[in-house]
Amino acid sequence: MKIIYLAIGASVLILTVWNLWTEKDWRKQATAAMVAVPLLLRVLLIK
Amino acid sequence: MPFEFILFIAMVGVFAACAFAIKLPVSLSMLAASLTGLLLSGNGLGIRHLVEGTFGYVDTILVIATAMVFMRAVQESGALDALNVVIIKRFRTMPAVLLPLLMLVAMFPGMITGSSSASVLTAGAVVAPVLIILGLPVESAGAFIAMAGILGMIAPPVNIPAMIIGGGIDMPFVGFELPLLLLTMPLAIVFSLTLGLKHIKKVSWEELAPRLDLETYKRFGPRLFAPILVVAILMVLGKTVPQYFGMGLPLVFIIGAALACFAGKRFNPLKAAKSAVADALPVLGILAGVGMFIQVMTLTGVRGFIVVSALSVPPALLYAAIAITIPMFGAVSSFGASSVLGVPFLLALLGKNQIITAAALSLIASLGDFMPPTALSAIFAAQIVGVQKYSRVLKRLIIPSFVIIAWSLAFIIYSKQIAALY
Amino acid sequence: MKKHQTSAAIISVLTLAACAVASATFLEHRKVEPIVSGPGVSEIAKLSKWYPGLAGTPADTDVYILRGKAPGASMLVLGGTHPNEPSGFLSAVLLIENAVPVSGTLYVIPRANNSGFSHNDPQEGAPTGYHFTLPDGQARFFRYGSRATNPVDQWPDPDVYIHAASGQALSGNETRNLNRGYPGRTDGTLTEKACYGITQLIRAEKISISIDLHEASPEYPVINAIVAHERAMPVASQVVLGLEFSDIKIGLEPSPKNLRGLTHRELGDATDTLAVLMETANASQGRLRGRTDEALVLTGIDPYYVKAQKLGRLYVPYDEKGHPIEERVGRHLTAIVEFALAMSSEYPDSPLEFQGVPEYQALAERGVGAFLRTAP
């Protein structure tokens with residue numbers, strides 16, 4: 001189950017970062033970055 | 001004057017300045033307010049605390065993100081349009097039944113995700129045009145789906161504010177289903193009628209038909225609803241036999257989204273998923289921001305200051321304090337209000353039935369989603385019905401909000417009698 | 001590069017930098033602090049000795065065995081069931097570094113939930129650890145952990161946690177709470193496996209009495225108390241009286257029959273051990289606390305708890321002096337010695353006697369640091 005959830009987390013992370021790079025407004029980019037932080041550290045099994 | 005009070009004012013001030021004056025999104029305003037708290041309290045940039053705070057909602061972020069992907073997939077497959085056709089066709093001559101049904105449809109995503117925004121942005125986006133076709137002014141249609149958002153967020157099976165409040169006193173989120181249904185469903189019926197009934201025009205089917213998407217249902221039939229059905233079944237199984245089906249909502253939603261790719265109209269799943277996450281990002285960002293904000297409030301002692309101040313209110317004024325402070329704090333976030341104020345108020349109400357009291361407090365906390373400047377539910381609803389100023393939608397929600405507060409307080413006051421009913 | 005790509009690049013770099021800074025702290029938190037074996041320690045084993053399924057997992061943890069010269073009863077002390085309750089862990093450390101059993105055997109697991117020591121709970125703003133200065137000037141650092149297993153080791157939580165043995169439902173995050181997983185099982189979560197390992201140790205070593213050390217927030221009703229399984233009641237009652245003689249007031253509560261998965265219920269039911277749990281008052285885990293830092297962990301001095309006490313919201317006395325760690329550790333250690341005495345008087349054929357355990361008064365006067373050994 002852990003692996004499945006890591007995969008789900010990684011997918012949401014990828015979609016979030018994709019949005020960060022295609023989004024035109026820096027404020028929305030920064031919001032995406034805030035969301036990416038916990039996802040990234042969880043997917044990397046750091047936190 | 002305690003230093004924590006000064007910190008609190010500074011944090012709220014920076015938040016307000018960023019959100020109102022500089023017009024930053026709520027997420028970034030939260031980040032700025034958290035940084036202010038860290039710097040003023042001598043904790044430096046406190047990067048570790050900012051990052052750690054967001055982890056309070058990492059599971060919630062996954063639930064909302066996957067739910068949005070699922071709802072988008074269902075929408076793209078044509079299932080939501082078809083559902084509306086089925087509802088309107090069958091119930092159009094009975095508005096007193098139709099309106100509550102539409103309310104229920106609009107509430108559904110909120111019920112399963114625990115997020116009002118999920119409701120408003122998905123099912124709300126489908127229901128609103130139908131309401132307008134049926135004759136509701138845009139503001140009322142907006143208020144209708146905004147209300148569906150917060151009622152859906154509170155209705156079972158998923159109610160995040162109640163989980164947050166219960167978690168604060170080691171109370172499991174078990175046995176909440178019935179009290180939450182009792183709290184929300186009567187309101188859903190009443191508000192759907194008060195917001196809609198007087199506007200509904202008698203329209204003939206011939207007049208309505210060209211404005212609805214009849215094709216999809218004709219082409220695919222009931223199999224369109226398979227993903228919704230499967231998700232509903234998995235959720236029920238997850239609740240009733242968690243030993244075998246406790247796979248968690250994110251996985252359930254991913255399964256549902258995958259099914260939706262094959263159930264109806266074809267669409268590009270990647271693009272749909274990306275835009276679904278884009279729609280969810282403001283809410284997810286707020287969650288991350290609230291996480292930071294709460295971590296910094298706890299670290300600096302502002303949380304203790306607020307909690308002990310709320311507990312210092314004389315008992316006679318306790319209900320007034322609940323009615324005023326929780327929705328006000330909800331301007332920051334309804335989840336934040338649940339955690340910071342919901343828990344101590346529940347502790348102050350230890351003599352009451354704890355489950356019903358926590359459920360009622362969560363309903364009051366949900367009003368935070370109507371409270372400017374964040375007003376998530378109202379802002380998204382205004383966007384969907386195409387109203388420039390969300391205050392026009394908000395005006396229609398003032399009286400219902402007072403009704404919600406009164407209704408919730410009644411539940412708290414009579415919690416034991418209500419618990420005895422079931 | 002387009003303008004929005006430039007901003008995306010800047011934001012990405014800043015975000016990655018923040019992640020790197022935070023990650024350094026998070027990874028540092030996994031570094032295990034040394035515990036120095038005192039003269040009483042005869043053997044250090046791993047919990048996986050009793051349940052090999054734990055070997056190599058983050059739940060495998062050190063078991064310190066202190067054997068007395070004379071035979072007698074055996075006692076298991078669990079510190080760090082909840083790594084955010086430092087007096088339990090520190091009491092275990094002081095036993096390892098100071099106690100010398102005269103008769104009987106003492107088993108100490110200082111980090112019962114080993115994984116829980118490797119992280120902090122989100123939104124609690126807790127310090128990563130706390131320091132003591134030793135008489136020789138050395139500083140010893142100990143980690144302040146989380147109430148639960150690290151999600152990195154066990155994730156995701158189910159929506160509802162079902163206690164395997166009873167079917168009792170609790171909120172999902174309790175899945176990672178060691179003190180809800182007993183007696184544990186081999187095909188369960190990492191936390192349940194740790195529980196199983198501890199239960200197996202108790203069975204295999206025929207542990208006479210098991211003491212699970214905890215702290216509670218001052219607004220929580222079960223505090224400064226012993227919670228005892230019904231078979232442990234006679235011994236626990238003697239301890240309450242014994243502590244009264246030392247001017248330590250402590251409550252005695254029967255282990256609730258319907259609250260499942262906790263040591264004082266399950267270990268008592270599943271094994272022959274006498275199971276008890278003890279609580280002291282820890283402001284740094286409470287919800288009414290003000291500024292959260294190392295000082296709060298060590299002193300318990302908090303203006304908001306003083307105010308809450310005046311409002312009648314607390315279950316322990318609270319004044320400007322707080323509840324210092326010396327007092328909390330002193331309560332636990334004094335009670336442990338009293339338990340040994342009570343066991344010896346209740347079962348004279350298998351005595352249990354320890355020497356060298358820091359006394360309440362000495363701790364208050366000289367501080368915890370005076371009883372810690374210099375780490376290599």
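Student: What percentage of the residues of chain B count as buried?

Tutor: The model is predicted, and burial is judged here from the neighbours of each residue: 20 or more other C-beta atoms must lie within 10 Å of its own. Applied to the 422 residues of chain B, that criterion gives a buried share of 60%.

Student: Why does the radius of gyration of chain B agree with a compact globule?

Tutor: The C-alpha trace of chain B spans about 70 × 50 × 45 Å along its principal axes. A compact globule with 422 residues would have a radius of gyration near 22 Å, so agreement is found because chain B has 21 Å.

Student: Of the contacts in chain B between residues at least 6 apart in sequence, what percentage join residues at least 24 apart?

Tutor: Chain B has 25 helices and zero strands. Among its contacts between residues at least 6 apart in sequence, the share that joins residues at least 24 apart is 80%.

Student: Which helix supplies the largest share of the side of chain A that touches chain C?

Tutor: Contact between the two chains involves 18 residues of chain A and 16 residues of chain C. On chain A, helix H1 (2-22) and helix H2 (26-43) each supply at least two residues of that side. The largest share, eight residues, comes from H2(A).

Student: How many residues of the side of chain A that touches chain C are nonpolar?

Tutor: The residues on that side of chain A include one polar and four charged. The nonpolar residues there number 13.

Student: What is the ipTM of the model?

Tutor: For chain C, the mean pLDDT is 96, and 100% of its residues reach 70 or more. The model as a whole scores pTM 0.90, and its ipTM is 0.98.

Notes: Residues numbered from 1 in each chain as written. Chains lettered and ligands numbered in written order. Predicted model: local features only at pLDDT ≥ 70, side-chain atom pairs only at ≥ 80, totals over all residues. Contact = placed C-beta atoms within 7 Å. Helix = DSSP H or I, 4+ residues; strand = E, 2+ residues; numbered from the N terminus. Nonpolar A, V, L, I, M, F, W, Y, C, P; charged D, E, K, R; others polar. pLDDT = per-residue confidence, 0-100. Rg over C-alpha atoms; globule rule 2.2 N^0.38 Å. Buried ≥ 20, exposed ≤ 12 C-beta atoms within 10 Å, placed from the backbone.
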